[in-house]
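Q: Can we go through this structure together? I'd like to start with the charged side chains and then move on.

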Amino acid sequence: MGHYWSPTNLSRRAILAGAALSVIPAVASVASTMPAIAVAPPPVELPPVVDEATTTARAIEPDPIFVALTEHRRRYREWSGLCAELSNAESEVKERRPSTLIAWRNYSAIGGGEIEMMRDRLLAEPRANRKKIEQEYQKAKADERAADRAEREWYKRNGLAGLQAETDRASKAEQKALFALTRIRPTTTAGAGALVAYVRKQMETGQEHWQIAALANAARALHGMPNEALPPFAAEVNDLDLANAVYNMSNCDLAIHRLYKQHGDEADSRDDYQKIETERQDRLGILATRRAHSSNGLVAKAEALTDRRLIEDYDSHGRIAASLGEDVLRYFGARVA
């Protein structure tokens, strides 16, 4: 397993947000409970919530997701402003602030929700020792609590406890607004398109758990809309290539699982494994590059993104999510024009 987290790629947001993000289902849970679509820090400048087209659509078709998007933008700006103020104040303190990150196995610095992610990754490995992993997890959480206490004491000693507490409150409010994007269902194609656009913009700097749940929210909304609410599609096209790609990808996953069960860690060195994996990658390429011409195609891409193995493949998962987003926005734009 490669080194995923390091002190250089982990921001204050990842530290503060980790605990709050843990209320969103883990990747495996998202995959098993809803047709999900889909951690690096998000951009400081968030994308516009709505453009002129979506503003027009909102006036015609009120959708609660627009309010949720505006609220998250406001909360994010409030939180980021306090973060900047706190960071400037910290820079004036000569005493070095203790880190709240802890080490676990070959991970040198993780914290918050990343610890849960680490446990899930270890438990998903072949022949995982569940008892040992759970013991290590409990120790990691204890180490994290001790590190948090040391940091709180540092803030008190240096007169920054009040500003730090205010920043924490703003962070929790921002996380609450963020979580709303995963559960407030868009009621229009305009709302679903705006949500997808918002998430896709932030995915440009990295992928986080909330994005998976938010894109799943948009997919479920589209899937549940009556046919008359959806933009018109080409009647003569059924997107059988996309539907077949999902079906064949699932069959490849089952075949690979059987090979691992039969041959263990040596499975991936076998010729039959390589052949299946090549076929699977071909199907992923279809899903990531071919345009959906019907609701069948949109649903096929959304269904593919619930695959647990695909969720763990950030590159392919992100490409297919972006492709689905482009399809949604294409039809959304045609509808409000």
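**Charged pairs and a helix**

A: E71, R74, R75 and E78 are linked in a network of salt bridges. A salt bridge here is a side-chain nitrogen of Lys or Arg within 4 Å of a carboxyl oxygen of Asp or Glu. Side chains of opposite charge can pair when their charged atoms come close.

Q: What kind of model is this, and how are residues numbered?
A: The model is predicted, so local features need pLDDT of at least 70, side-chain atom pairs count only at pLDDT 80 or more, and totals for chains, interfaces and linings use all residues. Residues are numbered from 1 along each chain as its sequence is written, and side-chain values use heavy atoms, with hydrogens and water left out.

Q: How many helices and strands are there?
A: The protein has 14 helices and 2 strands. Both are DSSP runs, numbered from the N terminus: helices are H or I with at least four residues, strands are E with at least two.

Q: How much of the protein is buried?
A: Of its 337 residues, 47% count as buried. Buried means under 20% relative accessible area, exposed means over 50%, and partly exposed is in between (1.4 Å probe, protein chains only).

Q: Which other residue of α10 can we look at?
A: Take N251, which is found in helix α10. N251 is partly exposed, at 33% relative accessibility. N251 and R280 are 29 residues apart in sequence, with their C-alpha atoms 8.8 Å apart in space.

Q: New topic: α6. What is its span?
A: Its end C-alpha atoms are 41 Å apart. At 1.5 Å a residue, its 28 residues should span 40 Å, so the two values agree. The expected span is 1.5 Å times one less than the number of residues.

Q: Which residues of α6 are buried?
A: They are I133, E136, Y137, A140, K141, E144, A147, E151, W154 and Y155.

Q: What does K141 pair with?
A: K141 forms a salt bridge with E116, with the closest N and O atoms 3.3 Å apart. E116 lies in helix α5 (residues 113-123) and K141 in helix α6, so the pair ties together parts that are 25 residues apart in sequence. E116 is buried, at 18% relative accessibility. K141 is buried, also with a value of 18%.

Q: What else is K141 in contact with?
A: Leaving aside neighbours within four places in sequence, K141 is in contact with I115 and E116. Contact means heavy atoms within 4.5 Å.

Q: What does E136 pair with?
A: E136 meets R105 in a salt bridge, 2.9 Å from N to O. E136 is in helix α6 (residues 130-157), while R105 is in the loop between β1 (102-104) and β2 (107-110), 31 residues apart. E136 is buried, at 18% relative accessibility. R105 is partly exposed, with a relative accessible area of 46%.

Q: What is R105's phi?
A: R105 has a positive phi of about 50°, although it is not a glycine. Most residues other than glycine have a negative phi.

Q: Where is R127, and what is its phi?
A: R127 lies in the loop between α5 and α6. Its phi is positive, about 55°, and R127 is not a glycine. R127 is exposed, at 71% relative accessibility.

Q: Which glycine comes just after α6?
A: That is G159, with a positive phi of about 70°.
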